[in-house]
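Hi,

Here is the structure I promised to send over. Have a look at it first, and my notes on what turned up follow below.

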Amino acid sequence: MTRRQPVAASAARRLAIGLLTVALAGLPAVGHGQVFLASKAHPEFAIGPLFIVAGIRPDLGPVTVRVSWSLALPPNTRPEDVQQDLYLLWPAEAVAGTGVVLGDAALRRYVEERGFAVVSEGRLALAIRDWTKLGTPAESDPLGESAAFVTFYKRGTNPAQSGIGTIVKVAWTPHLVDAHALLSLRMALKDLITLKPATWFEELFWGRRHVLNLSAGNVGSVALYSMYFGQRDRVLRFARDFSLLVAEFADADHLRIEEISPAGATRRPSRVRTGAETVLLPLAGAEGNVPQVLTVRFSYFSGRVAWRPILISLLFLVLGNLMGAWMFTRTVTQFFGRRFHLGRADARRPPSGAVLAREVLERIVPGETTPGEVLRLCGSPSEERARLRPDGQRTLIYRGTRPVPYRRFQLGSFAAVSRWDEEHHEVEIKFVDGRVSDVETRVRRSRPR
């Protein structure tokens, strides 16, 4: 028993690691969110409240995200007891800093030592947003401080597949524990919006549709997970406080939202900005790091209304009616064509191939007509045969098919037809010594299928 326990424990650990890898591989690559990290292990404080507001424009460029938060301290805890720097790990690429360009050499070195390649770096301006400005379009009050950031990807991988992440270092400031204000930073992030997979017909009907995935507590892809893995004992949990994920869409008059998930998310006109549409998801406080994702499937259109579905529907309606009329006309024509006949049969249904009329054959005189004269009268033959003999024996064969109606009754050129048969005509014209020697005709009748 004592020897089997380590083996069983080792197998259990391998199984747990395998399940963790599979679970991380199943995380959506576009589910972008953030993870807060403390400088010291096992932090006792939490993040709360937290507001993540993403602004989406009709041009679908980089999404401007504003993160506003405060710290929730345990009872009887002084701010100086938790004084430390905070880190914000976000699995997305920051486009540019809103502060000075100069980065943080220590933060860059920290990223490179863990096997990551640096894409860009800089600083983000910090601001303070007091309780009087919450829920208003008023700008936050800028601080003289800034937060350094480094954008990176896993070295040895394709960043387009493995993902790009950004780590932001927020130096300790008393504003983090201000009971009447929230610390705020703003950054522009790429690839929060992706194209919704669709067939060519769906794109033709609805146009291009997009998906916004905004989440909190998500570490991103497996390649970026290694940045989180060595620091998971410093992850800050969400406090049981009022926190929100907010997606704010500009130009609501030209916006069409198809689907919102999860079911707890709500949609309403913005109460802060005129002409905007807001989708909100309350964040639930929980122990540990539980990803909470807000997904919005949407599209923008031009004009006063979304004309594309209307025009495509009308086009298909018109085409359907025209096709129906054509099929009805064809059916009626076939019905009456099989049962009635007007005028000559060959005018109604012309023959195919070479059907030689009797008056043409009567002009061919054996012993006198030459091959050239036959070709002028009858045209090119369907088949030609020749024998290698001194008299130059040669045969031209003409084949053709002609429809023949069987009339029930006839009144002038109008007749009721009971059925149509086919006559298969074959004419053989033989030549000897350059003259017609014989003309043979054969007619075979059959009923078409």
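Leucine 60 sits in the loop that links strand 2 to strand 3 (63-72). Keep in mind that this is a predicted model. The backbone at leucine 60 has a positive phi of about 55°, even though the residue is not a glycine. For context, most residues other than glycine have a negative phi.

You'll find aspartate 433 in the loop between strand 21 (414-432) and strand 22 (435-446). Aspartate 433 has 56% relative accessibility, so it counts as exposed.

Next, the cis peptide bonds. Most peptide bonds are trans, so here are two to check on screen. One joins glycine 48 and proline 49, with omega at about -5°. Glycine 48 is in strand 2 (residues 46-56), and proline 49 is found in strand 2 too. Glycine 48 counts as buried because its relative accessibility is 4%, and buried means under 20%. Which residue is 22 positions from glycine 48 in sequence but 5.4 Å from it in space? That is serine 70, with the distance taken from C-alpha to C-alpha.

The other cis bond joins serine 261 and proline 262, and here omega is about 5°. Proline 262 lies in the loop between strand 13 and strand 14 (266-269). Serine 261 stands opposite threonine 295, which is in strand 16.

Four strands make up an open sheet, in the order 10-11-16-13, and they pair antiparallel. From one strand to the next, the twist averages 25°. Strand 13 and strand 16 (residues 292-300) run antiparallel and are joined by six bridges. As a reminder, strands of a sheet pair through backbone hydrogen bonds, either parallel or antiparallel.

Now to a serine in another loop. Serine 140 is in the loop between strand 6 (116-130) and strand 7 (141-154). Serine 140 has a relative accessible area of 14%, so it is buried. What does the side chain of serine 140 contact? It makes a polar contact of 3.0 Å with the side chain of arginine 129.

Last, the surface. Leu315, Phe316, Val318, Leu319 and Leu322 together make a nonpolar surface patch of about 460 Å². One of them, leucine 322, is located in helix 6 (residues 307-339). Leucine 322 counts as exposed because its relative accessibility is 53%, and exposed means over 50%.

Cheers

How values were computed:
Residues numbered from 1 in each chain as written. Predicted model: local features only at pLDDT ≥ 70, side-chain atom pairs only at ≥ 80, totals over all residues. Heavy atoms only, no water. Patch = residues over 30% accessible without salt bridge, like charges linked within 9 Å, V, L, I, M, F, W, Y side chains within 5 Å. Areas by Shrake-Rupley, 256 points an atom, 1.4 Å probe, with all protein chains shown as cover. Salt bridge = Lys/Arg side-chain N within 4 Å of Asp/Glu carboxyl O. Helix = DSSP H or I, 4+ residues; strand = E, 2+ residues; numbered from the N terminus. Buried < 20%, exposed > 50% of the residue type's maximum accessible area, 1.4 Å probe, protein only. Pairing = 2+ DSSP bridges. Axes fitted to C-alpha atoms, helices over the stretch in contact; angles between N-to-C directions. Polar contact = N/O pair within 3.5 Å; in protein donor to acceptor, adjacent residues only side chain to side chain.
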